[in-house]
Amino acid sequence: MNVRVQNSTDLPLAVDLDGTLIAADLLWEGIFQLLKRNPLFLFMLPVWLMEGKARLKAEIASRIDFDASILPYRQEFLDYLNAEKASGREIVLVTAAAEPFARAVAAHLGVFSAFHSSTGDINLAAHRKAALLVERYGKGGFDYAGNDRADIPVFEAARAAIVVAPDRTAHRYQQNTGARRFEASKPGWKTYVKMLRVHQWLKNLLVFAPAILAHQISNPDVLLPSLGAFVAFCAAASAIYILNDILDLPLDRQHATKRNRPFANGTLSIPFGLSVSGGLMAAAIAVCIFLPPIFAAVIGLYIVATTAYSLAVKRMLLIDVLCLAGLYTLRIIGGKAAADLPLSFWLIAFSMFFFLSLALVKRYVELQTSKVSERDRIAGRGYRPEDMAIVGQAGISSAFTAALVLSLYIQSQEIIGYYSSPWLIWPLVPIVLYIVIRIWILAYRREMHDDPVVFIATDWRSQIFVAFGALLMIAGNFI
């Protein structure tokens, strides 16, 4: 035994990385960053894993970019480490993460005198980590900070344990031993609401548009399938949002507001997110069983398109906004398919131009707030600052085109079958223009901070004009 002295500050403190120093798991994050770079690596992951977890970690780390400065560090614990270092204590990083990750973290923080990590041959976890520390410092010759079940053998070999944001096993160990403990913030219901992006479900109300415009919303045979379509789209959308948040972790952590998303800040773990995403996808599929087969095809196309958008399309100039407009339109098509209503060319054309304008608003705002120099692309997008003017022009042009399509529809023969007084709904054209052009003016003023669709659904001025338009449609039908 090599216990130097009994004063704890004279003993080295070994610190775990994943889950302890940071609220993240770098292996899971590395896997998804690799898949985002090239989804075909999915077929290589099991091959590397067959050669051992250490090989898997090394192969992933050698293929992805890693920025230690944006990780979600546990600030209270990090402050403690800095105080210990200031008192003269030796602090050592001992982690099962790959060597490039450990080196980058140690270099960024500057609190560690040395680091030990997994290599291509050795996965430095559990008993192997305990053996390394005992060999270096002797049994009981160090203190150790960890967080989960794999750290129990190291706790038992250490003089004293520090338990940080523990899992169930580490929690029981801490309760039994009275070890020092650092808590982590617990997720509340708002965390799960944010994970699911419940506010984005407002977009799925578009599935009711076909039933409303066909004056069939009060028909149970139309309303119930529309409700089913709404549930399916909400479940599928939230499932994809979770995957998107996991794939976008590095980008979100560099964003002023997105860094507070529950996966970016480490409040929720990637395995938990994957299990919820899988359950939501299963729920969406289950709903499809009770709806016409064509709806299953629409929701399947929506899932494929949304996944493609998350993996690659969002970085493609103009293709991204066309895809977003198409995803909004798919919701309308889904509502028609679920309720078995005829497809309207006018509605689809209006939807494409209207939502293309709103998608361009999002890109315009991102370009406004971007801090990159000209000829550099904004993070995760295919746009450069000098594109802002043409994006704005295209968005406003799309808004006027949507209004033009609406005016032609009002003047068409098709509308006579739905409205006894079509002239009463002519004000819908200036209403649409008011709503969209106002959004663009706010964007030009740098006052547009929300998703434009969510803004329309929550802005009281827009709500008044939408309600007035609805009253005109009702009047046009009965007068």
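Does Cys-234 count as buried or exposed, and at what relative accessibility? Cys-234 counts as buried, at 5% relative accessibility. The views below show parts of a predicted model.

View 1. A disulfide would need the two sulfur atoms within 2.5 Å. Cys-288 is in no disulfide either, with the sulfur of Cys-234 as its nearest cysteine sulfur. Cys-288 counts as buried, at 12% relative accessibility.

**View 2. Phe-66 and Phe-101 form a tilted aromatic pair**. A search of the whole structure finds 21 aromatic pairs, and Phe-66 with Phe-101 is one of them. Phe-66 lies in the loop between helix 3 (53-61) and helix 4 (75-86). Phe-101 sits in helix 5 (residues 99-109). The pair therefore ties together parts that are 35 residues apart in sequence. Phe-66 counts as partly exposed, because its relative accessibility is 27%. Phe-101 counts as buried, with 5%.

**View 3. Tyr-364 and Trp-440 meet edge-to-face**. Their ring centres are 5.5 Å apart. The planes stand at 70°, so the pair is edge-to-face; the cut-off for that class is over 60 degrees. Tyr-364 belongs to helix 16 (residues 345-369). Trp-440 belongs to helix 18 (residues 428-444). This pair ties together parts that are 76 residues apart in sequence. Both Tyr-364 and Trp-440 are buried.

**View 4. Four aromatic residues join in a cluster**. The members are Tyr-328, Phe-350, Phe-354 and Phe-355. Ring pairs link them.

**View 5. Residues 1-6 have a pLDDT below 50**. For the protein, the mean pLDDT is 91. A pLDDT of 70 or more is reached by 96% of its residues. Over residues 1-6, by contrast, the pLDDT is below 50. In the model this stretch has 15 contacts beyond near neighbours in sequence.

Notes:
Residues are numbered from 1 along each chain as its sequence is written. This is a predicted model: local features need pLDDT of at least 70, side-chain atom pairs count only at pLDDT 80 or more; totals for chains, interfaces and linings use all residues. Side-chain values use heavy atoms; hydrogens and water are left out. Rings of Phe, Tyr and Trp (its six-membered ring) pair if their centres lie within 6.5 Å; planes under 30 degrees apart count as stacked, over 60 as edge-to-face and the rest as tilted. Helices (H or I, at least four residues) and strands (E, at least two) are DSSP runs, numbered from the N terminus. Buried means under 20% relative accessible area, exposed over 50%, partly exposed in between (1.4 Å probe, protein chains only). pLDDT is the predictor's confidence in each residue, from 0 to 100. Contact means heavy atoms within 4.5 Å.
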